[in-house]
Amino acid sequence: MQPLEKGVLKFSHCGRDIYCSLIPELCPVCGQSAVNSWKLEDAPVSIPSPFLNGHWEKCSFVLKPTAGLFGEYDGCSDLHVGISSTSGFVFHYNETGIHRDDLGWEQCVSVPLVPPDNYVLFNQWDCYLQEFASLDKWLSLRYNEEDHNCYTFALQFINTIRTLQEKPPLTKKYFTERFVLPRTRRVSKYMTIFREVSQNDFYIVEKH
Ligand SMILES: [Zn+2]
């Protein structure tokens, strides 16, 4: 099985979208040459993996299954979130307190939080994050699975930064709907395609 991070290819033939890891010589549906009949709009495109390495993504909100990898993710088990530093660490909060990981977040969904040209914020980021993570409210005994959890930590940090920038805070509902759900939906779609391609070499969808 190819690695989940590799992405898949898509081409169109005889009215279908065909996903694969290698473009075949012949169309798996009609048996005609897959190559010769290519029109520009049918030419292969690469579907990149939605996963990023949380230790490489700087100043981001990062999300992964609490246990295991997305490859085994069934779509409904718990997710865990954190905030990445500029130096490869992911800060996150759970029932045993604050953690600063340099391993374990290699396969994440990531929401960048700092525009690339904001050098001032980028340079201060690790200080802010370190300071925020040291607050008493992130002691393990304050943890509550319902309303004082990994998501509380990440969102309150995001809002602390927004306050410094004189921007209004974001609600959990807004942040989730605007930034998280579009990405997790993309993960679900990608995982469906990826599993089919891994098992059957092709995933074939009728075009509407
Ligand atoms: Zn065909």
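At what angle do H1 and helix H2 pack, and how far apart are their axes?

## Helix packing

H1 and helix H2 (residues 150–164) pack at an angle of about 130°, and their axes are 11 Å apart. H1 is therefore oblique to H2. Oblique is what remains once angles under 35 degrees (roughly parallel), over 145 (roughly antiparallel) and 65 to 115 (roughly perpendicular) are set aside. Axes are lines fitted to C-alpha atoms, for helices over the stretch in contact, and angles run from 0 to 180 degrees between N-to-C directions.

On the H1 side, the residues that meet H2 are Leu121, Trp125, Tyr128, Leu129, Phe132 and Ala133; their counterparts in H2 are Phe153, Gln156, Phe157, Thr160, Ile161 and Leu164. Contact means heavy atoms within 4.5 Å. The residues of this contact comprise ten nonpolar, two polar and no charged. Ala, Val, Leu, Ile, Met, Phe, Trp, Tyr, Cys and Pro count as nonpolar, Asp, Glu, Lys and Arg as charged, and the others, Gly among them, as polar.

## Basis of the model

The model is predicted: local features need pLDDT of at least 70, side-chain atom pairs count only at pLDDT 80 or more, and totals for chains, interfaces and linings use all residues. Residues are numbered from 1 along each chain as its sequence is written, and side-chain values use heavy atoms, with hydrogens and water left out.

## Chain overview

The protein chain holds three helices and nine strands. These are DSSP runs numbered from the N terminus (helices H or I, at least four residues; strands E, at least two). Along the sequence the pattern is β-β-β-β-β-β-β-β-α-α-α-β. Of the 208 residues, 39% count as buried, that is, under 20% relative accessible area, with exposed over 50% and partly exposed in between (1.4 Å probe, protein chains only).

## Sheet and its helices

An open sheet of five strands runs in the order E7-E6-E5-E4-E8 with antiparallel pairing. Strands E7 (97–101) and E8 (109–112) are at the edges with a single partner strand each, so one side of each lacks a neighbour in the sheet. The twist averages 25° from one strand to the next. Two strands pair if DSSP finds at least two bridges between them; two join E5 (residues 79–84) to E6 (residues 90–94).

Helix H1 (residues 119–133) packs on the sheet and touches E5, E6 and E7. Helix H3 (residues 172–200) lies across E4 (60–65) and E8, at about 145° to E8. Arg195 is found in H3 and, at 33% relative accessibility, counts as partly exposed.
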